[in-house]
Amino acid sequence: FPVTIDRQVRYWEVIVGPWLFRFLSTVFDRWFMIKKCCSDHANLQTRTISRPLGLPAARSTAEFVQESLTDRWNDYLAGLICEQQGIPVLGVACPEISTSRAEKKTAPSLERRFKNLLYRLFFFLSKKDKVCLVSSYLPFFKAAQVQASIFQLPKLMNFNWLTLPENRDPRPNNSGHLFGGNDEFCRFVDSIFWSQLPRIFVEDFQVSRDLLLRSGKQGRPKIIFTSEAHCFNDNFKIWAAEKITQGAKLIIGQHGGFYGIAKWGSDEDREISAADVYLTWGWQSDKKKTVAIGCFPFKKKSSRSNPQGNLCLVQNAVYRYAYIGASLPQTTDNWLRYFKEQIKFCNRLL
């Protein structure tokens with residue numbers, strides 16, 4: 001690593017935790033399904049696109065999430081799992097016809113440049129704030145009212161103005177082992193972890209951290225509140241983790257609809273663990289950190305439903321690949337079962 005920073009476990013839990021949970025959930029799903037296929041069928045073989053150098057690590061948590069939902073990344077991962085399970089893998093040469101969504105290079109629009117400049121200004125002006133609101137889910141005027149009530153200049157903090165370098169060559173997986181013992185899944189994670197750890201946590205960490213701490217000479221906020229930035233905004237997470245070490249309290253507002261309802265969810269447990277206080281939409285867990293305050297006054301979004309109708313049935317859409325560790329419908333097969341249950345429900349209404 002280019003730099004070694006000695007911090008408490010919570011510091012890294014805030015910064016790396018969201019990526020690590022998503023990474024482990026995604027890899028375990030692919031690994032488990034292929035292993036089950038091996039136990040159910042004999043003499044398997046497969047073909048994958050030949051990529052002798054592997055794939056470049058994502059630049060950030062958000063980019064990794066996008067990559068993990070692409071055919072390219074899943075094809076590469078499946079090939080590695082098959083090799084571990086002893087399945088013959090035939091590498092097929094195939095040109096990259098199109099780049100993934102995470103790799104597409106688009107010049108920022110004039111509007112985006114203006115917003116980034118404005119957000120950077122707000123970041124500078126927030127240096128004396130004792131309460132920092134970042135991606136709070138509150139409409140601007142509600143957020144302004146909160147800030148005005150504590151005698152702060154109304155503003156919106158945002159960390160998207162700090163851009164990361166483009167992806168580079170694949171990184172070798174030779175930085176040591178995470179797990180001991182002979183557990184098969186842990187050994188597989190060991191074999192790919194360092195090559196897939198996003199660059200923001202390795203090569204680009206020191207530069208990003210120094211820039212965030214220098215810009216605006218940020219002071220010492222007492223409270224940091226967010227409902228979204230703690231998930232995928234690595235710039236915010238680095239900044240927040242530094243402020244937590246200086247005594248700031250991290251308050252997280254619920255941002256997911258199935259939190260507190262699903263039988264289990266890895267993101268829910270992780271977020272409560274990372275927060276000092278966790279605000280929910282009305283449910284209370286056995287953990288003392290949760291505070292039930294009801295649903296937040298979200299920013300208004302246009303509705304496509306018929307306002308004259310008698311019933312609005314809100315459905316759930318999922319990606320083709322499982323992407324999160326939680327008890328909710330995932331992948332094509334699970335979603336089809338879920339959809340059939342919705343049809344049954346509608347038929348009962350007739």
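Reply: An enclosed helix and the packing beyond

Helix α10, residues 266-274, is largely enclosed by the rest of the structure, because seven of its nine residues are buried. Buried denotes a relative accessible area under 20%, exposed one over 50%, and partly exposed the range in between (1.4 Å probe, protein chains only). Helices (H or I, at least four residues) and strands (E, at least two) are DSSP runs numbered from the N terminus. The model is predicted, so local features need pLDDT of at least 70 and side-chain atom pairs pLDDT 80 or more, while totals for chains, interfaces and linings use all residues. Residues are numbered from 1 along each chain as its sequence is written, and side-chain values use heavy atoms, without hydrogens or water.

The buried residues of α10 are Ser266, Asp267, Glu268, Arg270, Glu271, Ile272 and Ala274. They pack against the helices α1 (9-40) and α8 (229-232), and also against the strands β5 (249-253), β6 (277-280) and β7 (290-292). Contact here means heavy atoms within 4.5 Å.

The setting is a protein chain with 11 helices and seven strands. Of its 350 residues, 42% count as buried. Among contacts between residues at least 6 apart in sequence, 74% join residues at least 24 apart.

In soluble globular proteins, nonpolar side chains tend to be buried together.

The structure holds 23 aromatic pairs. The rings of Phe193 and Trp194 are edge-to-face, because their planes stand at 90° with the centres 4.9 Å apart. Rings of Phe, Tyr and Trp (its six-membered ring) pair if their centres lie within 6.5 Å; planes under 30 degrees apart are stacked, those over 60 edge-to-face, and the rest tilted. Phe193 is buried at 7% relative accessibility, as is Trp194 at 13%. Phe236 and Trp239 form a tilted pair, with 6.2 Å from centre to centre and 45° between the planes. Both of these residues are buried; they belong to helix α9 (residues 234-245) and are separated by about one helical turn, because they are three residues apart. Ring pairs also link Trp19, Phe23, Phe64, Trp73, Phe193, Trp194 and Phe201 into a cluster.

Not counting residues up to four places away in sequence, Phe236 touches Val134, Phe159, Ile224, Thr226, Ala229, His230 and Leu250. Ile244 is likewise found in α9 and is buried, with a relative accessible area of 15%. With neighbours within four places in sequence left aside, Ile244 is in contact with Arg10, Val14 and Leu250. Ile244 and Ile223 are 21 residues apart in sequence, yet their C-alpha atoms are 9.1 Å apart in space. By contrast, Leu153 is exposed, with a relative accessible area of 53%, and lies in the loop between α5 (140-149) and α6 (184-196).
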